[in-house]
Amino acid sequence: MPAFRAACVATDRLTKVLAALASFTVLAIFIAIQWTPNLEAPAHVSDKLVHAALYYGFAFLIWWMLPPIERLTRAGAVLGIGLIVAILMEIGQLYIPGRGADVFDVVADVAGLMAASAGIWWGATFGEVKP
């Protein structure tokens, strides 16, 4: 039985390491998309929809990386962290050729964060999503 327990502990550690690597990879891709020079949304898709969708997904990553605290506090932390990141990304885009800062991009980012936070909070409170 001790060998089985050791295997479970090793598997748990490996899972946590792989999850952390995947999270940092997603974060790196997220930053690369935000700071790619001369990046344009497809003609048939709104730039603001792309921002909202990107930050909707980012909210799940933030939620997952936060410690297991009270759900409403956690949702607020997701919004706060996401807003800070959105503002910093827009400021950073001022220095990238072909990109510019737009207040409405931040509004779209916050809309994505709010939609995801509300959905995650609702699922964690009333559904199957665990904190």
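1. Is glycine 80 buried, exposed or partly exposed? Glycine 80 is partly exposed, because its relative accessible area is 30%, where buried means under 20% relative accessible area, exposed over 50% and partly exposed in between (1.4 Å probe, protein chains only). Glycine 80 sits in helix α3.

2. Basis of the note. This is a predicted model, in which local features need pLDDT of at least 70 and side-chain atom pairs count only at pLDDT 80 or more, while totals for chains, interfaces and linings use all residues. Residues are numbered from 1 along each chain as its sequence is written, and side-chain values use heavy atoms, with hydrogens and water left out.

3. Overall make-up. The protein chain has 4 helices and 0 strands, taken as DSSP runs numbered from the N terminus (helices H or I, at least four residues; strands E, at least two). The order of elements from the N terminus is α-α-α-α. Of the 131 residues in the protein chain, 27% count as buried. Among contacts (heavy atoms within 4.5 Å) with a separation of 6 or more, 70% are between residues 24 or more positions apart.

4. Helix α2. This helix covers residues 47–65. Its end C-alpha atoms are 27 Å apart, which agrees with the 27 Å that its 19 residues should span at 1.5 Å a residue; the expected span is 1.5 Å times one less than the number of residues. His51, Ala52, Leu54, Tyr55, Phe58, Ala59, Leu61, Ile62 and Trp63 are the buried residues of α2. At the start of α2, a side-chain oxygen of serine 46 comes to within 3.2 Å of the backbone nitrogen of lysine 48.

5. Helix α3. With 23 residues (71–93), α3 reaches 32 Å from its first C-alpha to its last, close to the expected 33 Å. The buried residues here include Arg74, Val78, Gly82, Val85, Met89 and Glu90. The N-terminal end of α3 is capped by glutamate 70, with a side-chain oxygen 3.1 Å from the backbone nitrogen of leucine 72.

6. Helix α4. Residues 103–126 make up this helix. It has 24 residues and reaches 34 Å between its first and last C-alpha, close to the 34 Å expected. Asp105, Val106, Ala108, Asp109, Gly112 and Leu113 are among the buried residues of α4, and what covers the buried residues of α4 includes α2 and α3. At its start, a side-chain oxygen of aspartate 102 reaches to within 3.0 Å of the backbone nitrogen of phenylalanine 104.

7. Packing of α2 on α3. The axes of these two helices are 9 Å apart and the packing angle is about 130°. Axes here are lines fitted to C-alpha atoms, for helices over the stretch in contact, and angles run from 0 to 180 degrees between N-to-C directions. That makes α2 oblique to α3; angles under 35 degrees count as roughly parallel, over 145 as roughly antiparallel, 65 to 115 as roughly perpendicular and the rest as oblique. Residues making the contact include His51, Tyr55, Phe58 and Trp64 of α2 and Arg71, Arg74, Ile81 and Met89 of α3.

8. Packing of α3 on α4. The axes come within 9 Å and cross at roughly 160°, which makes α3 roughly antiparallel to α4. Among the residues in contact are Leu72, Leu79, Leu83, Ile87 and Glu90 of α3 and Asp105, Val110, Met114, Trp121 and Thr125 of α4.

9. Aspartate 105. This residue lies in α4 and counts as buried because its relative accessibility is 4%. Its side chain is joined to that of lysine 48 by a polar contact of 2.6 Å. A polar contact is a pair of N or O atoms within 3.5 Å; within protein, one must be able to donate a hydrogen and the other to accept it, and residues adjacent in sequence count only if both atoms are side-chain atoms. Neighbours within four places in sequence aside, aspartate 105 is in contact with Asp47, Lys48, His51 and Glu90.

10. Phenylalanine 104. This residue is also in helix α4, but phenylalanine 104 is exposed, with a relative accessible area of 57%. The C-alpha atoms of phenylalanine 104 and histidine 51 are separated by 9.7 Å, with the residues 53 apart along the chain.
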